[in-house]
Amino acid sequence: MSEIRTTDGITIDYSKVIGIELDYKSQHSLEVRVIFATRKEYIYNPNTESFELTDITDEARFKFAEYPVAKRIVDEMKENWRAITE
């Protein structure tokens with residue numbers, strides 16, 4: 001089963017997801033927040049002129065104006081996530 005799935009035009013690699021939530025910014029601003037696992041990457045530090053191993057945690061936010069749409073998308077994303085982790 002594929003770990004990469006698309007929901008309403010939003011494509012996510014669910015093997016890297018550690019959280020999905022509906023984030024209320026205000027009554028008219030909703031965001032679906034997808035949190036990805038921490039990864040390690042070498043980043044060049046110009047002060048030391050060397051590459052340093054750094055922990056990076058990414059997240060993606062998708063804005064919606066209507067609660068029913070945002071809720072449906074969060075539910076679908078969570079179902080996709082459950083399907084690949086079982």
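This is a predicted model: local features need pLDDT of at least 70, side-chain atom pairs count only at pLDDT 80 or more; totals for chains, interfaces and linings use all residues.
Reader: Happy to start with Asp8. Where is Asp8 placed?

Author: Asp8 sits in the loop that joins β1 (4-7) to β2 (10-13). Its phi is near 50°, a positive value in a residue other than glycine.

Reader: Why is Asp8 called partly exposed?

Author: Asp8 has 48% relative accessibility. Buried means under 20% and exposed means over 50%, with partly exposed in between, so Asp8 at 48% counts as partly exposed.

Reader: Good. What is the phi of Glu49, and where is Glu49 placed?

Author: The phi of Glu49 is near 55°, which is positive in a residue other than glycine. Glu49 belongs to the loop between β5 (39-45) and β6 (50-56).

Reader: What makes Glu49 count as exposed?

Author: The relative accessible area of Glu49 is 62%. The cut-off for exposed is over 50%, therefore Glu49 is exposed.

Reader: Let's turn to the surface. Which residues form the nonpolar patch?

Author: The patch is made by Tyr42, Tyr44, Phe51 and Leu53, and together they have about 490 Å² of accessible area. Both β5 and β6 contribute, each with at least two residues of the patch.

Reader: How do you know that Tyr42 is exposed?

Author: Tyr42, which lies in strand β5, has a relative accessible area of 56%. Exposed means over 50%, so Tyr42 is exposed.

How values were computed
Residues are numbered from 1 along each chain as its sequence is written. Side-chain values use heavy atoms; hydrogens and water are left out. Helices (H or I, at least four residues) and strands (E, at least two) are DSSP runs, numbered from the N terminus. Buried means under 20% relative accessible area, exposed over 50%, partly exposed in between (1.4 Å probe, protein chains only). Patches are made of residues with over 30% relative accessible area and no salt bridge: like charges are joined within 9 Å, nonpolar side chains (Val, Leu, Ile, Met, Phe, Trp, Tyr) within 5 Å. Accessible areas come from the Shrake-Rupley method with a 1.4 Å probe; for residues, only the protein chains shown count as cover. A salt bridge is a side-chain nitrogen of Lys or Arg within 4 Å of a carboxyl oxygen of Asp or Glu.
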